[in-house]
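Hi there,

Here is the structure I promised to send over. Have a look at it first, then read my notes below.

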Amino acid sequence: MVKRVRSDSGPLSLQKHNHWCVKLGVSIFLVGLAFRLLLWDSFSFSSVVVETPPPLEDAKAVSPVFSSSVLQDSDEFPENDQKIQTQISKNEKCDLFVGDWVQDLSGPVYTNESCRVIEPHQNCMKNGRPDSEYLYWRWTPRDCKLPKFNPRKFLKLMRNKSLSFIGDSISRNQVQSLLCVLSKVEPAVEIYHDKEYRSKIWKFRSHNFTLSVIWTPFLVKAAIFEDFNGVTSSEIQLYLDTLDEWTKQYKNFDYVVIGGGKWFLKTAIYHENKTVIGCHYCPGKNLTELGFDYAYRKVLQEVFKFFTKSNHKATVLFRTTTPDHFENGEWFSGGYCNRTVPFKEGQIHMIDVDSIMRSIELEEFEKAASLGSKRVNLKLLDTTLLSLLRPDGHPGPYRKFQPFAKDKNAKVQNDCLHWCLPGPIDSWNDIIMQMLLNA
C-alpha cells in the first residue's frame, strides 16, 4: 500500500507562506532604511567636492578652457558673515593702491565658460592662450586686508541705484569684469546698445539696479575717423572746451567711474572757441604743436569743473591712466607682451608719456578735490601703479581665436593694453567695492 503524503499546497498553506515572505521583506526594508539613514548622516557634511587649483609651476598643463559652472547657491557670497571680512573699517587707515600682487590659488570667481558677456578679443582662454598662471594672483594692499568682491553685498548696496562707467575701452573692459562677477548672483539683462555696441545699459531687475558703460574716449566732443582695428583715415578733430554727450545723462547716475588717457596720444587737431588752435603730431599741417599734455590737462579741467559745479548728488571715482606693456615695438609695429608672471616693485618703471599723464591727473584731481563740493563725492581710483606690475595679464596675440593654428610663426597684432577676462582687472572691482562701501 502506498501512503499518500499530505500536500501543503492548499489555500491556507499558501496564505501562511505569503504572510511569512511579506514579514521578511518588510524586515529587510527597515534594516536597509536604517543603514541608509546612518550613512546619509555620516556624509552630509562632506557632500561638496572642492578641487584645489594646480600649483603655479604645473599651471601650464591646465586646459585652456577653464571649466566651471554657474553657482547654484549664491550663499557662497554671504551679506553678513562675521567670519568673512567683506569691508575695510572706515577707521582703518589703508592705501588701497600701495601693495603687491600675491599668489592666490583659489583662482578667479568666474570663468570664460560661466560668463557669457566677455568680448571675444579679451576671452584669452577661449582664444587659445596656453598658460594660466596669470589667473592665480590677487592685488593685496600692504597695510590692510582687501576683502574679495562680494556680488551679493554689492547688489544690495546698489538696490534702486545707477552706476555708469564713462570713458574708453578700458572702461568697457572693467564693466565686463563686473558683469561676470555679479552674474554669479543675478544675470544682467541688456536693455540698450548703440550702433557699434560700444555703449550699453544693463538692468538687474530684482535689485532695480542699472549698470551702464558710455564710450567716450576723449570725454569731450570728437570727430573720430578710425575703424575697430585702429586704422585711421584722417586726423581726429578734438573740441577741448566742449564736453561730450555723457554730461546730459549724468543726472541719472548715483555712481560714476570715469577715466581715459591713451587716446590723447593719437594725432589730433585741437579746437577751442570754435577755432583751430593747434595739434598733436600733425607734420605738414602748418599748425602749432601743442602736445597731448596740453589737451589732456585742458580736458580734465573741463571734466572736474563740470562735476564740482553740478547740482546733482553723486559719488564719482576718477580712474587714472592704464599703462601698456608693449615690448620691442608698438601695437602697429610688431610690439608684443609675452611675460607670464607679474613684476615686483622696482623691476619696471613707467614710460615718459604715462608719467606725464599720471602727473597731470594727480595735479588736476587735487585741485578739484581742494575746491570741495556739497553735491559730488570725488574719489581717486589710482590703478596705474598696480596695473604697471601686470605685464602678464594682456591678451597679446590671443585677441584673436587660435592665432597660431595654421602657422606657429605667424605674425599677428598683439594687444598689450586691455586685460584678459578673467584677469588682473578683476582686482579693480575689489577696490571699487571698498571705495563705494566707505563713500
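**What I found**

Val-189 is partly exposed, at a relative accessible area of 33%. For that word, the cut-offs are: buried is under 20% relative accessible area, exposed is over 50%, and partly exposed is in between (1.4 Å probe, protein chains only). Val-189 sits in strand S4, and together with Ile-191 and Tyr-192 it makes a nonpolar surface patch of about 250 Å². A patch here is built from residues with over 30% relative accessible area and no salt bridge, where like charges are joined within 9 Å and nonpolar side chains (Val, Leu, Ile, Met, Phe, Trp, Tyr) within 5 Å. A salt bridge, in turn, is a side-chain nitrogen of Lys or Arg within 4 Å of a carboxyl oxygen of Asp or Glu. The areas come from the Shrake-Rupley method with a 1.4 Å probe, and for residues only the protein chains shown count as cover.

Before you go on: this is a predicted model, so local features need pLDDT of at least 70 and side-chain atom pairs count only at pLDDT 80 or more, while totals for chains, interfaces and linings use all residues. Residues are numbered from 1 along each chain as its sequence is written, and side-chain values use heavy atoms, with hydrogens and water left out.

**The whole chain**

The protein chain has eight helices and 13 strands. Both are DSSP runs numbered from the N terminus: helices are H or I with at least four residues, strands are E with at least two. Of its 439 residues, 47% count as buried. The chain exposes about 24,000 Å², and carbon and sulfur atoms supply 54% of that.

**The sheet**

Seven strands form an open sheet in the order S4-S5-S6-S3-S9-S12-S13, with mixed pairing. Strands S4 (189-193) and S13 (376-381) are at the edges with a single partner strand each, so one side of each has no neighbour in the sheet. From one strand to the next, the twist averages 15°. Two strands pair if DSSP finds at least two bridges between them; S9 (residues 255-259) and S12 (residues 314-319) have five, in the parallel sense. Within that pair, Ile-258 stands opposite Phe-318 in S12.

Which helices lie across S12 and S13? Helix H6 (residues 352-371) does, running at about 160° to S13. Helix H5 (residues 292-309) lies across S9, S12 and S13, at about 165° to S12. Axes are lines fitted to C-alpha atoms, for helices over the stretch in contact, and angles run from 0 to 180 degrees between N-to-C directions. Contact means heavy atoms within 4.5 Å.

**Some loops to click on**

- Asn-208, in the loop between S5 (200-204) and S6 (209-215), has a phi near 50°, a positive value in a residue other than glycine. Asn-208 is partly exposed, at 35%.
- Tyr-281, in the loop between S11 (275-280) and H5, also isn't a glycine, and has a positive phi of about 50°. Tyr-281 counts as exposed, at 57%.
- Leu-421 and Pro-422 are joined by a cis peptide bond, with omega about -5°. Pro-422 is in the loop between H7 (384-388) and H8 (426-437).
- Thr-232 lies in the loop between S7 (220-223) and S8 (236-243). Leaving aside neighbours within four places in sequence, Thr-232 is in contact with Phe-225 and Glu-226.

Cheers
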